[in-house]
Amino acid sequence: MASVPSLATQVRQRVADALAAALPQEAAADPLLRRSDRADFQANGMLALAKRLKTNPRELAGQVAAQVDAGDVLADVEVSGPGFLNIAVTDAAITSNLAARAADDRLGVPYADAPGTTVVDYAQPNVAKEMHVGHLRSAVIGDSLVRVLEFTGETVVRRHHIGDWGTQFGMLIQYLDEHPHELDHGGADSAATGEEAASNLNRLYKAARAVFDADDAFKERSRRRVVALQSGDPQTRALWQRFVDESKLYFFSVFDKLDMEVRDADIVGESGYNDMLDETCELLAEAGVAVDSEGALCVFFDDIKGQDGEPVPLIVRKSDGGYGYAATDLSAIRDRVFNLKAQTLLYVVDHRQSLHFRMVFETARRMGWLDGGATATQLAFGTVLGKDGKPFKTRAGTTVRLEDLLDEAVDRASAVVREKADKAVPPLTEDEIAERGAQVGIGAVKYADLSTSAARDYKFDLDQMVSLHGDTSVYLQYAYARIRSILRRAGDTARPAARPELPLEAAERALGLHVDGFAAVVAEAAEEYAPHKIAAYLYQLASHFTTFYEHCPVLKADTPAQVENRLFLCALTAQTLHKGMSLLGIRTPERL
């Protein structure tokens with residue numbers, strides 16, 4: 001089905017046509033339409049236009065109003081204030097537009113005009129290390145962006161650039177070689193769990209570090225093991241692979257708890273670009289983009305200097321011949337642009353790495369790898385803070401394990417669900433309480449992150465996150481469950497039909513106009529990489545529904561036709577909530 005133009009789009013076009021009719025020489029002028037608390041919409045464009053033309057804005061607004069073709073969409077157009085146009089749409093237009101959205105599986109959301117291929121680099125944990133709260137935002141924000149971009153028709157290539165290479169593996173591999181059973185699991189036939197994998201890796205890392213710090217001979221053996229790893233020694237590579245496999249087992253368990261799909265084929269870590277590093281350096285040197293500096297291969301920038309005023313270089317190859325992160329990241333850009341044929345590279349990475357990516361992207365531009373037909377953007381996200389406004393830590397001052405944080409969220413949410421379980425019809429079973437507790441708890445964590453602009457820090461406050469009141473996912477989930485309950489009580493399994501001939505109450509109009517704006521919000525979120533705009537829209541949607549529910553009886557409306565029309569509005573609101581929440585990666589339970 002073709003996309004459904006929103007009422008805002010239709011009204012904007014009618015005002016633009018009227019403006020062009022009143023002032024043909026200003027046919028391209030923007031009417032600057034927006035929602036208003038004084039009318040359904042307000043057009044402010046005449047003010048700036050009158051100032052430029054040195055004419056009276058009210059008179060100009062009157063001329064435009066006189067040219068507006070109301071058709072069956074507009075109920076009233078009046079000049080207000082210094083020269084605004086206050087515009088009301090008809091009740092029939094609202095209901096008819098909503099009916100068109102309800103008839104479309106995509107709720108009238110169009111595909112992007114010119115979809116392409118985007119690589120989204122997100123959720124990048126480190127091999128042989130536990131995931132902590134710092135890994136949360138990249139995973140949650142990246143997963144939502146993938147969902148939003150795919151929904152708008154973009155071809156999305158997911159990339160999880162895990163930390164699976166480096167000198168620390170010499171220590172770990174050497175220790176495993178000398179203690180070969182450290183990564184073994186329970187019994188020969190027992191299936192390893194993510195929890196076991198995390199425990200094994202954590203124990204081995206601590207033991208290896210203790211020996212490394214205390215034993216110079218072991219330290220030397222570890223150093224030689226790094227050389228063996230980098231040169232491709234089969235036994236060393238096999239031991240390294242055990243760490244990677246064990247870590248993936250752990251990663252998958254955490255991502256599964258986060259209700260995220262992470263596919264093995266999409267995990268391409270630092271090691272995945274090893275074969276490209278030499279060539280990347282040769283290309284940079286041949287082009288003169290990178291130069292020798294005290295034995296290291298570096299890229300310099302006129303506008304990036306240290307506190308001493310000296311240039312800060314991007315080190316591509318170190319003086320000892322080793323490769324830095326820059327070589328890997330530049331090789332990844334080459335692979336993504338020339339092999340994956342991506343037009344857009346999106347990196348969901350902590351703001352503390354902004355300088356690094358600024359230098360990497362500029363280097364790639366100088367080489368012609370970017371901006372010729374591909375662009376790269378870092379979606380730099382802020383820090384997760386504790387209630388005290390400082391980086392989130394345990395009481396002991398250590399980094400919070402991500403699994404512990406998620407488990408606590410589920411426990412808190414399960415308590416909230418249990419408190420309400422007896423009020424459900426029929427009451428929730430223990431299995432349902434456990435399932436809903438996980439959906440509500442994980443949803444609460446995701447929503448707290450996604451309802452904040454990625455660039456901003458946010459406070460991690462579980463008490464607030466699982467609250468039934470305020471801007472929380474729990475509030476949205478309960479709104480959805482309430483609507484589903486109303487529809488079940490209505491009894492008829494057929495989709496309720498819209499009744500455009502009926503007048504609408506103020507709360508019905510407000511809810512209907514907000515539902516009609518869903519497509520525009522999704523398009524804006526995709527274009528700006530801003531899932532928080534969808535979260536804000538959904539909270540307003542749930543708030544509008546709450547007002548509607550309080551002021552407009554549904555099953556006890558005055559006439560059967562009004563009952564059906566309000567059931568239709570309920571059903572479409574539920575569809576919109578469900579789709580919007582799914583774009584954030586959050587479940588909407590049918591019963592709570």
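Biologist: Hello! Why is the sulfur of C281 too far from the closest cysteine sulfur for a bond?

Modeller: Good place to start! A disulfide is a pair of cysteine sulfur atoms within 2.5 Å. The closest cysteine sulfur to that of C281 belongs to C298 and is 11 Å away, so it is too far for a bond. Do keep in mind that this is a predicted model, where local features need pLDDT of at least 70 and side-chain atom pairs count only at pLDDT 80 or more, while totals for chains, interfaces and linings use all residues. Residues are numbered from 1 along each chain as its sequence is written, and side-chain values use heavy atoms, with hydrogens and water left out.

Biologist: How many disulfides does the structure hold, and where is the nearest cysteine sulfur to C570?

Modeller: The structure holds zero disulfides. For C570, the nearest cysteine sulfur is in C552, 9.6 Å away, and C570 is in no disulfide.

Biologist: What makes C281 buried, rather than exposed?

Modeller: Buried means under 20% relative accessible area, exposed over 50%, and partly exposed in between (1.4 Å probe, protein chains only). C281 has 1%, so it counts as buried. C570, with 0%, is buried as well.

Biologist: And why is D371 called partly exposed?

Modeller: Its relative accessibility is 47%, so D371 falls in the partly exposed class. D371 sits in the loop between helix 12 (354–366) and strand 11 (375–381), and has a positive phi of about 75 degrees although it is not a glycine. Helices (H or I, at least four residues) and strands (E, at least two) are DSSP runs, numbered from the N terminus.

Biologist: Why are helix 5 and helix 20 called oblique to each other?

Modeller: Their axes come within 8 Å and cross at roughly 125 degrees. Axes are lines fitted to C-alpha atoms, for helices over the stretch in contact, and angles run from 0 to 180 degrees between N-to-C directions. Under 35 degrees counts as roughly parallel, over 145 as roughly antiparallel, 65 to 115 as roughly perpendicular and the rest as oblique. Helix 5 and helix 20 are therefore oblique.

Biologist: Which residues make that contact?

Modeller: With contact meaning heavy atoms within 4.5 Å, helix 5 brings S144, R147, V148 and F151, and helix 20 brings K579, S582 and L583.

Biologist: What makes strand 1 and strand 3 edges of the sheet?

Modeller: The open sheet has four strands in the order 1-2-4-3, with antiparallel pairing. Strands pair if DSSP finds at least two bridges between them. Strand 1 (33–35) and strand 3 (74–80) each have a single partner strand, so one side of each lacks a neighbour in the sheet.
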